[in-house]
Amino acid sequence: LILSDIFQSGVEPARLYRDVGELAAKRGVEKLIGIGPSISSYADEIHTQEKYCFSTVADFIHSPVFKGLRNEVILLKGARRFGFDRITELLVQKVHETVLEVNLNAVVDNLNYYRSFLKPETKLVCMIKADAYGAGSVEIAKSLQDHQVDYLAVAVADEGAMLRGNGITSSIMIMNPELSAFKTMFDNDLEPEVYSFRLLDALVKAAEKEGITNFPVHIKLDTGMHRLGFDPEKDLDKLIEKLQHQNAVIPRSVFSHFVGADSDDFDSFSALQFERFDKASKRLQQAFEHKILRHMDNSAGIEHFPGWQMDMCRLGLGLYGVNSRNNEIINNVSTLKSTILQLRRVPADETVGYSRKGKLMRDSVIAAIPIGYADGLNRHLGNRRGYCLVNGCKAEYVGNICMDVALVDVTGIDCKEGDTVEIFGDHLPVTVLSNILDTIPYEVLTSVSNRVKRVYFQD
Ligand SMILES: *Cc1c(COP(=O)(O)O)cnc(C)c1O
């Protein structure tokens, strides 16, 4: 039992803690950890096999008592002001040997960094698609909602419905609305992006059937990505006409997407995209009386083309701490951590792992860590192409990375079983991995699988 001082019980303290002690004994509590000055001074009233007292949570966390917790069933009960959340987080981490730590303060710092480029009246959409770029959309959405962002954007309707179920009331945009999910969108106030006549017609039909009017939608124009969107030249007249001859949906915003705002090489093409968008979106606006929000900038665009922020911007990768223009870390958000499960000495003439790929040049010490390609540790990092950090030292992956386990060369590194290993994060930027893998940080971040427990931090 981990118990803090008990406030406002109305019972005199000596009596109170004697009662607690009796209850604990009756319920078979073997170990009591008391936190707070009051419980500490009345500890004599409590008779358990083992008993430890600390003034604060911090004292406890840094004590050998905390480090020694193993194979126990723990009941935590603490007054809010003691901050027992910190104990919970650390205990969760002990149980899950591989975790993705997410720093919510860093998310807010990144939000403010990008907001500093915006005029006060410019609205902001925060992209939390793909489970918030791997960081976990519910917690990220809660933080963003607390900081009053204007819109959240997810990929599919189910992600949006899940956020609604978790108490998110912000406006939500659905970037890839499926034809089968209109009902989910209507029921949960999820505003779809509309990029084709096929989608528009089906949506209008479904809304009319439900008797819905003026359901907000976001019109996507294709200005150069050539992925999804209406053609600003060929489709615009027909689009305006269709929108005007129904009242099931109403265009809330119109937008397009830069193909290369992250690189100066594409500046002239970006300018062409903006020109196409500017012309078409103004024509759309002229056809309606109500204000239609115009937006184009993504994270890189906010920084590189602040003059084109118009009414709204869409912040994605930058929120998660990576600047896509220079691959630098702004404030690191996610840290993927594992632990050393087992250490072994392997002689130089032996090999490590499947297919004898892990050849050794010397007698080596090899650590097994419980993370594999099924967790999102890319198999191409194996065979010494990538490394992780063991107690701050670079340790290469030897041999093939397995499904659930990876092997790292820790020869000469001071470490022991149970030590923490950083896969990427605070000390090893995710961009180091994406560079080795010849990909973008987006892919590494979104690859961390669902079975990796997310643990959130906030001061
Ligand atoms: C994902 C996405 C963004 C965000 O892009 P970042 O490069 O992550 O800032 C913006 N707009 C659209 C349409 C997107 O799909």
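Here is a chat about helix packing and a ligand site in a predicted model.

Colleague: Let's start with α12 and α13. Are they roughly parallel or roughly antiparallel to each other?

Modeller: Helix α12 covers residues 236-244 and helix α13 covers residues 267-286. Their axes come within 10 Å and cross at roughly 25°. Angles under 35 degrees count as roughly parallel, so the answer for α12 and α13 is roughly parallel.

Colleague: Which residues of α13 does α12 meet there?

Modeller: The crossing of these two helices, α12 and α13, is right-handed. On the α12 side, the residues involved are Leu236, Asp237, Ile240 and Leu243. Their partners in α13 are Ala280, Arg283 and Leu284.

Colleague: What about α11 and α12: at what angle do they pack?

Modeller: Helix α11 is residues 197-209, and its axis is 12 Å from that of α12. α11 and α12 are roughly parallel to each other, and the angle between them is about 5°.

Colleague: How many nonpolar residues are in that contact of α11 with α12?

Modeller: From α11 come Phe197, Leu200 and Asp201, while α12 brings Lys238, Leu239, Lys242 and Leu243. By class, three are charged and none is polar. The nonpolar count is four.

Colleague: Now α6 and α8. Are they roughly parallel or oblique?

Modeller: Helix α6 (residues 104-115) and helix α8 (residues 137-146) have axes 10 Å apart. They pack at an angle of about 50°, which makes α6, relative to α8, oblique.

Colleague: On to the ligand. How far is a polar side-chain atom of Tyr442 from an oxygen atom of the ligand?

Modeller: Tyr442 is one of the residues around the ligand, a list that also includes Met127, Lys129, His257 and Arg314. The distance from a polar side-chain atom of Tyr442 to an oxygen atom of the ligand is 2.6 Å.

Colleague: Which residue has an N or O atom in the side chain 2.5 Å from an oxygen atom of the ligand?

Modeller: Tyr133 and Ser299 are both among the residues around the ligand. For Tyr133, the distance from a side-chain N or O atom to a ligand oxygen is 2.7 Å. The residue with 2.5 Å is Ser299.

Methods: Residues numbered from 1 in each chain as written. Predicted model: local features only at pLDDT ≥ 70, side-chain atom pairs only at ≥ 80, totals over all residues. Heavy atoms only, no water. Axes fitted to C-alpha atoms, helices over the stretch in contact; angles between N-to-C directions. Helix = DSSP H or I, 4+ residues; strand = E, 2+ residues; numbered from the N terminus. Parallel < 35°, antiparallel > 145°, perpendicular 65-115°, else oblique. Left-handed = near helix turned anticlockwise from the far one by under 90°. Contact = heavy atoms within 4.5 Å. Near = heavy atom within 4 Å. Polar contact = N/O pair within 3.5 Å; in protein donor to acceptor, adjacent residues only side chain to side chain. Nonpolar A, V, L, I, M, F, W, Y, C, P; charged D, E, K, R; others polar.
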